[in-house]
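Reader: I would like to go through this structure step by step. Please keep the answers plain.

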Number of protein chains: 2
Amino acid sequence: MSEQDGEAASKDTREVIMEATFRALRERGYGDLRMRHIGEEMDLTRQVIHYHFDGKDDLMASFLEYIAEQYEGSVEVADDMDPRAELDARIDQCLFGPEFDEFTHWDRMKVYHELFAHAQNDDRHRDILDEHYEQIKGSIVAVIERGIDEGAFRDVDADRFGQLVTDAIHVGRERRISLGHEEAPEEAREAIDEFILDSLSVDE
Amino acid sequence: MSEQDGEAASKDTREVIMEATFRALRERGYGDLRMRHIGEEMDLTRQVIHYHFDGKDDLMASFLEYIAEQYEGSVEVADDMDPRAELDARIDQCLFGPEFDEFTHWDRMKVYHELFAHAQNDDRHRDILDEHYEQIKGSIVAVIERGIDEGAFRDVDADRFGQLVTDAIHVGRERRISLGHEEAPEEAREAIDEFILDSLSVDE
């Protein structure tokens with residue numbers, strides 16, 4: 001087996017383990033999850049997990065990176081997109097989709113928000129989530145700054161607006177997931193429009 | 001022992017178990033918590049927990065009610081308080097205090113937010129948290145409605161404003177707890193003032 005084949009095989013193995021982790025988390029939640037439950041969701045032997053990961057916390061850290069990468073890589077924005085249209089596309093993506101194959105947006109968000117709450121007990125998880133938060137917020141700040149430069153938005157504090165939008169998205173998802181408020185993401189979208197984005201407009 | 005003594009004793013026992021649960025949660029987080037860890041935090045025998053509660057989920061449901069009651073009962077508002085002053089007092093209380101004896105506001109909020117995320121896996125926990133959410137939101141909606149009636153606030157959709165304030169509080173606390181953003185509660189307070197409460201003003 002060439003080195004390249006080895007890399008490909010180990011990448012596939014990682015993917016298999018990540019998907020098994022996803023299924024096990026979806027079924028049981030984080031609190032009751034044991035390594036053996038993840039093993040039960042795979043065709044590979046459980047030893048493969050222990051070969052690649054140093055325990056549950058290490059596996060979960062990789063799993064968080066895996067979910068974060070999928071969200072960060074999945075917004076497609078054309079170069080000549082209007083700043084407000086790009087902002088809308090990014091917000092809708094975080095609130096309502098992207099769609100993937102086996103696991104829905106809400107399957108993903110459920111495990112993401114549960115691990116988010118657990119991060120208070122694990123510095124490595126906290127660092128990964130904080131980096132993801134800054135990445136998402138940063139992409140929103142960047143389009144607000146572009147809008148200001150192009151004269152489409154008023155000259156506001158882009159960092160502050162980006163943070164507000166990111167936080168409003170977070171709580172809209174969380175209220176749906178934890179409290180079962182099915183309409184919360186739509187309510188968050190309306191509140192973002194009315195209280196945040198409308199005040200960016202130069203027409204006022 | 002009279003019936004009244006029996007009630008008092010069992011109330012004290014509940015309090016002892018709740019405080020032991022608090023210490024165990026603070027130490028370990030929810031995911032790794034076992035009933036025996038709670039037993040280790042008490043002077044009473046562990047059998048007392050099993051006498052009062054039907055397992056970990058039942059104990060946690062009572063614990064959630066216990067924390068929620070403390071927050072709901074602790075805002076003191078004078079009858080003749082100005083609506084804006086009452087609103088400020090309620091928001092500050094949810095974001096920054098009240099202070100209690102052994103456990104600080106943030107000790108409480110850490111376990112509250114962790115259990116909030118876990119509620120997606122437990123309908124009874126979800127119901128308790130949803131009721132608490134409605135209670136907190138309801139107290140904010142009520143003071144906004146009073147302000148509208150008294151001519152202190154514009155005639156806005158009080159329910160919508162109450163929800164926004166409640167959600168902004170939630171995410172400000174959560175960002176501090178999960179991501180370690182120490183300044184997040186103050187940022188949430190400023191955003192609530194600037195983007196929500198200022199638009200209530202009749203002077204605009």
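Reader: What pattern does chain A follow, read along the sequence?
Author: This is a predicted model, and in it chain A has nine helices and zero strands. The C-alpha trace of chain A spans about 60 × 45 × 30 Å along its principal axes. Read along the sequence, the pattern of chain A is α-α-α-α-α-α-α-α-α.

Reader: What is the mean pLDDT of chain A?
Author: Where pLDDT is low, the predicted coordinates should not be read in detail. In chain A, 93% of the residues reach 70 or more. For the model as a whole, the scores are ipTM 0.86 and pTM 0.88. The mean pLDDT of chain A is 88.

Reader: Which residue of chain A does Asp193(A) meet in a salt bridge?
Author: A search of the whole structure finds 36 salt bridges over all chains. One of them joins side chains of chain A at 3.1 Å, N to O, which is inside the 4 Å cut-off. This pair links distant parts of the chain, 109 residues apart: Asp193(A) lies in helix 9 (residues 184-196), and its partner lies in helix 5 (residues 83-96). The partner of Asp193(A) is Arg84(A).

Reader: By what turn can chain B be laid on chain A?
Author: Two copies of a chain are related by a rotation about an axis and a shift along it. Here the shift along the axis is 0.0 Å, and the RMSD is 0.0 Å. The two copies are therefore related as by a two-fold rotation axis.

Reader: Which residue of chain B comes closest to the rotation axis?
Author: The distance is taken at the C-alpha, and the lowest value in chain B is 1.9 Å. The same surface serves both copies, as 100% of the contact residues of chain B recur in chain A. The residue of chain B closest to the axis is Gly31(B).

Reader: What is the area buried between chain B and chain A?
Author: The size of an interface is often given as the accessible area lost when the parts come together. The contact takes 38 residues from chain B and 38 residues from chain A. Of the area that chain B buries against chain A, 19% is supplied by Gln120(B), Leu179(B) and Phe195(B), more than by any other three residues. Carbon and sulfur atoms give 51% of the buried area, which is about 3500 Å².

Reader: How many salt bridges does the rule find across the interface of chain B and chain A?
Author: Glu190(B) and Arg160(A) meet through their side chains in a salt bridge at 3.9 Å, N to O. Polar contacts across the interface come to 22 residue pairs. The number of salt bridges across the interface is six.

Reader: Which helix gives the largest share of the side of chain B that touches chain A?
Author: Helix 6 (105-118), helix 7 (123-149), helix 8 (158-179) and helix 9 (184-196) of chain B each supply at least two residues of that side. The residues there divide into 12 nonpolar, 12 polar and 14 charged. The largest share, 13 residues, comes from helix 8 of chain B.

How values were computed
Residues numbered from 1 in each chain as written. Chains lettered and ligands numbered in written order. Predicted model: local features only at pLDDT ≥ 70, side-chain atom pairs only at ≥ 80, totals over all residues. Heavy atoms only, no water. Contact = heavy atoms within 4.5 Å. Buried area = accessible area lost by both parts, 1.4 Å probe. Polar contact = N/O pair within 3.5 Å; in protein donor to acceptor, adjacent residues only side chain to side chain. Helix = DSSP H or I, 4+ residues; strand = E, 2+ residues; numbered from the N terminus. Nonpolar A, V, L, I, M, F, W, Y, C, P; charged D, E, K, R; others polar. pLDDT = per-residue confidence, 0-100. Least-squares fit on C-alpha atoms with pLDDT ≥ 70 in both.
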